[in-house]
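Welcome, and please have your viewer ready.

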Amino acid sequence: MKIVIGASIEGVELKNELVSELRKSGFEVLDVSNEGDKDFYDASIKVTNEVLKDINNNKGIIIDEFGSGSFMVADKFKYIICAQLNDEHSAKMTRDHNNANVITMGSGVIGSDVAKRIAHRFAEAKYSGGRHQIRVDMLNKMC
């Protein structure tokens, strides 16, 4: 499993902290950001396209100032189930119940410690399937 991560200019500092933290924890991390990504739109497109290359194994994290802009972009892609997160319990549950494969966070909304816990929970969480698959199938038919 690979964690694909990207950020707008407002999220670069937090993104760098998360990349370092996730790699220290043994996760394979692909940072798709570059200095030209000034807007959340650019980072969101790069992360979602990379996740779609291996939808069953890749997970994405996008960071902008508030988390909502990148959420709106990522959620437009078929087979991407995205959640905007501000707490670690939701990170686990959105993966467990909704099979979310991309999350967004706002660097201007949450601090570094919370963001690290959210990233870890999301990266470690598994999809439980079962009764939740009906909802996931409905989400994937929407786009």
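Select S70 first: in this predicted model, S70 has a relative accessible area of 0%. Because buried is the word for anything under 20%, S70 counts as buried. Now colour helix α3, which spans residues 68–74 and holds S70.

Next, show the side chain of S70 together with the backbone of G67. The S70 side chain reaches the backbone oxygen of G67, at 3.4 Å.

Which residues are in contact with S70 once its neighbours within four places in sequence are left aside? Select F40, S44, I62, D64 and T104 to see them.

Time to move to the rings. Pick K59 and F122: K59 lies over the face of F122, and the distance to the ring centre is 5.3 Å. Then go to K78 and Y79, where the charged end of K78 sits over the ring of Y79, at 5.0 Å from the centre of that ring. If you were hoping to display aromatic pairs as well, a search of the whole structure finds zero of them.

Finally, zoom out and switch to a cartoon view. You can trace six helices and five strands, and along the sequence they follow the pattern β-α-β-α-β-α-β-α-β-α-α. Colour by burial, and 45% of the 143 residues in the chain come up as buried. With a surface drawn, the chain exposes about 7100 Å², of which carbon and sulfur atoms supply 51%.

Technical notes: Residues numbered from 1 in each chain as written. Predicted model: local features only at pLDDT ≥ 70, side-chain atom pairs only at ≥ 80, totals over all residues. Heavy atoms only, no water. Helix = DSSP H or I, 4+ residues; strand = E, 2+ residues; numbered from the N terminus. Buried < 20%, exposed > 50% of the residue type's maximum accessible area, 1.4 Å probe, protein only. Areas by Shrake-Rupley, 256 points an atom, 1.4 Å probe, with all protein chains shown as cover. Phe/Tyr/Trp six-rings, centres within 6.5 Å; stacked < 30°, edge-to-face > 60°. Lys NZ or Arg CZ within 6 Å of the ring centre and 35° of its normal. Polar contact = N/O pair within 3.5 Å; in protein donor to acceptor, adjacent residues only side chain to side chain. Contact = heavy atoms within 4.5 Å.
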